[in-house]
Amino acid sequence: MDMEDMGFRHLVDLVRAADRLSQGASRACTVKKLSSNSGRFANATLVRLSEFLSAGYKKGVRPVKDWRTSTIVAIDLMVYSILNVDEKNQVLTTYVWYRQSWTDEFLVWNPEDFDEVKQVSIPTANVWVPDILINEFVDVGKSPDIPYVYVTHDGLVRNYKPIQVVTACTLNIYNFPFDVQKCSLTFQSWLHTIDDINITLMRSPEELSEDKSVFMNQGEWELLHILSKYKSFSVDNDDYYAEMKFHVVIRRRPLFYTVNLLLPSIFLMVMDIVGFYLPPDSGERVSFKITLLLGYSVFLIIVSDTLPATAIGTPLIGVYFVVCMALLVISLTETVLIVRLVHKQDLQPPVPHWVKYLVLERAPVLFCIHKKHRLCSRLSSQASDMEHYKDNNYGAAAQCTIHHTCEIGRRLSQHEREGDLLRLGLPPSRDPTPPVMDNILQEVTAIRHFLEKRDRCREVAKEWLQVGYVLDVLLFRVYLVAVVAYSITLGTLWSVWQVA
């Protein structure tokens, strides 16, 4: 039985050797037949090679001799330019250089038979091409048609082409304009399983990640790196498919938005803080704050078209603008309250005792308000001027002669008139007062009542003015602390995101 097996194997080897000899003879005959062409293609090696490769070739069949052999397709990706990032529609448009290569076992020849030609370009339509597509495609890109592929003598087919890729991408604009986007390009055979077509990288992942040699970096976006990841998956747990996912990581250059969005807003907020140095007892501060608020509103209207708009979120810079607007409104409200305190005190009641204790006594000590004595000295000088004016008015009233009578003087009693004479240094008279002196006393008494009333009003005004100045300083410090804390928080967050 063993002898029979050995004989059978020997017979099989002889048959295979004869088959190879016949194939070599037929190939030699084919080459000889092709070389016997006459005319202008008699010595055209590439024509002979093209006819040799196309003879009997079936482009609709996967080019393997053993159907159990999987065709390995090596792919590569290089980003040339970032054309558009549409945040509203969540679409990324890029221009990439895509390369793929595979081995075609039916496109093999001996270079010695064709004048040492080791590679040739043939039409793409005449060879088998793998059906590898990008899963994220949402639109047909405007890509130039490359009608040829390169084929080497050992059957390696190289298909290089540029593609304008319009893909769907989940864009996160919360960190705008310091955002970093990560979009995926997934290459996968649409029909063939992993047993028929498998995917691999043409280069190592490290070389692919750091390669920026062809990227045009003069636009808004900067290419950081390209990450690659291979994965096999199954839809029905029966047939498995191979996919290669490229993560294109890009970062926005924020200089344009910083100059045109952030700096004007910061300047307006600084001017709002400077506006607190205007005297609160003047009406200029209210008009100044209203002008700033209107200017900021116009600024927001202008920049509304620049901010990215999505239905899933709002960028943090939009929240920043809204908070700045709210701070301006709070500043205007504080100014209105302070101006209300320091104006028209004649209509206000005296300052309550608890307000005097908290605002005029405790608050300056706790918050180190050093301008209180200056305010008091100013008000005291105003009070001394008022006393001097009152004394002058009394002296002038004692010397003037007025021929009209006053209704208030008629109601005075004789006792009040004698008291007025004593205050003026005149001896009281038991006789009826002469008409001229009666008129003088009536005028002097009316002036005295008026000045006393004005003294009381000025005392109330002085107290409310003190309260207004102290509250203005306190509210300004609180407002300044809130603005500084808000600015530091946003600056820290944006710095961390930019570094990350």
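The legends below describe several close-up views of a predicted model.

**Figure 1. Overview of the predicted protein model.** The protein contains 11 helices and 11 strands. Of its 500 residues, 38% count as buried. Among contacts between residues at least 6 apart in sequence, 77% join residues at least 24 apart. Salt bridges number 11.

**Figure 2. The largest nonpolar core, with the surroundings of Ile75.** This core comprises 47 residues, and those with the most contacts inside it are Ile75, Phe187 and Phe246. Strand E1, residues 71-86, supplies its largest share, 6 residues. Apart from this core lies another one of 28 residues, which includes Met269, Val303, Met325 and Tyr479. With residues up to four places away in sequence left out, the contacts of Ile75 include Phe187 and Phe246. Ile75 also touches Tyr98, Arg99 and Gln100, as well as Ile132. Further contacts of Ile75 are made with Ile199, Thr200, Leu201 and Met202, and with Met244.

**Figure 3. Threonine 94 in strand E2.** Strand E2 runs over residues 91-103 and contains Thr94. With a relative accessibility of 3%, Thr94 counts as buried. Leaving aside residues up to four places away in sequence, Thr94 touches Ser81, Ile82 and Leu83, together with Ile163, Gln164 and Val165. Thr94 and Thr167 stand 73 residues apart in sequence, yet their C-alpha atoms are 8.4 Å apart in space.

**Figure 4. The salt bridge between Glu220 and Arg252.** The side chains of these two residues meet with an N to O distance of 2.7 Å. Glu220 belongs to the loop between helix H3 (205-210) and strand E10 (221-234), while Arg252 belongs to strand E11 (residues 240-252), so the pair ties together parts that are 32 residues apart in sequence. Glu220 is partly exposed, at a relative accessible area of 32%. Arg252, by contrast, is buried, at 3% relative accessibility.

**Figure 5. The salt bridge between Glu243 and Lys231.** The closest N and O atoms of this pair are 3.4 Å apart. Glu243 is part of strand E11 and Lys231 is part of strand E10, so the bridge ties together parts that are 12 residues apart in sequence. Glu243 is buried, its relative accessible area being 7%. Lys231 has a relative accessible area of 40% and is partly exposed.

Figure 6. Asp66 is partly exposed at 33% relative accessibility, whereas Arg68 is exposed at 59%.

**Figure 7. Helix H5 and its buried face.** The end C-alpha atoms of H5 are 29 Å apart, which agrees with the 28 Å that its 20 residues should span at 1.5 Å a residue. The buried residues of H5 are Arg285, Lys289, Leu292, Leu293, Tyr296, Phe299 and Val303. Seen down the helix axis, these buried residues fall within an arc of 120 degrees, so they line one face of H5. Exposed residues on the other side of the helix are Glu284, Thr291, Leu294, Ile301 and Ile302. Val303 is also a member of the core of 28 residues.

**Figure 8. Arginine 285 and its contacts.** Arg285 is located in helix H5, which covers residues 284-303. Its relative accessibility is 1%, so Arg285 counts as buried.

**Figure 9. Segments annotated as transmembrane regions in UniProt.** The annotation comes from an unreviewed entry and covers residues 255-278, 290-311, 317-339 and 474-497. In the model, residues 255-278 are 83% helix and 0% strand, and the end C-alpha atoms of this span are 34 Å apart. Residues 317-339 are 100% helix and 0% strand, with end C-alpha atoms 33 Å apart.

How values were computed:
Residues are numbered from 1 along each chain as its sequence is written. This is a predicted model: local features need pLDDT of at least 70, side-chain atom pairs count only at pLDDT 80 or more; totals for chains, interfaces and linings use all residues. Side-chain values use heavy atoms; hydrogens and water are left out. A nonpolar core is a set of buried Ala, Val, Leu, Ile, Met, Phe, Trp, Tyr and Cys residues joined through side-chain atoms within 4.5 Å. Buried means under 20% relative accessible area, exposed over 50%, partly exposed in between (1.4 Å probe, protein chains only). Helices (H or I, at least four residues) and strands (E, at least two) are DSSP runs, numbered from the N terminus. Contact means heavy atoms within 4.5 Å. A salt bridge is a side-chain nitrogen of Lys or Arg within 4 Å of a carboxyl oxygen of Asp or Glu. The expected span of a helix is 1.5 Å times one less than its number of residues. The arc is that of the directions from the helix axis to the C-beta atoms. UniProt positions are given in the numbering used here, feature names are shortened, and annotations may be inferred rather than shown by experiment.
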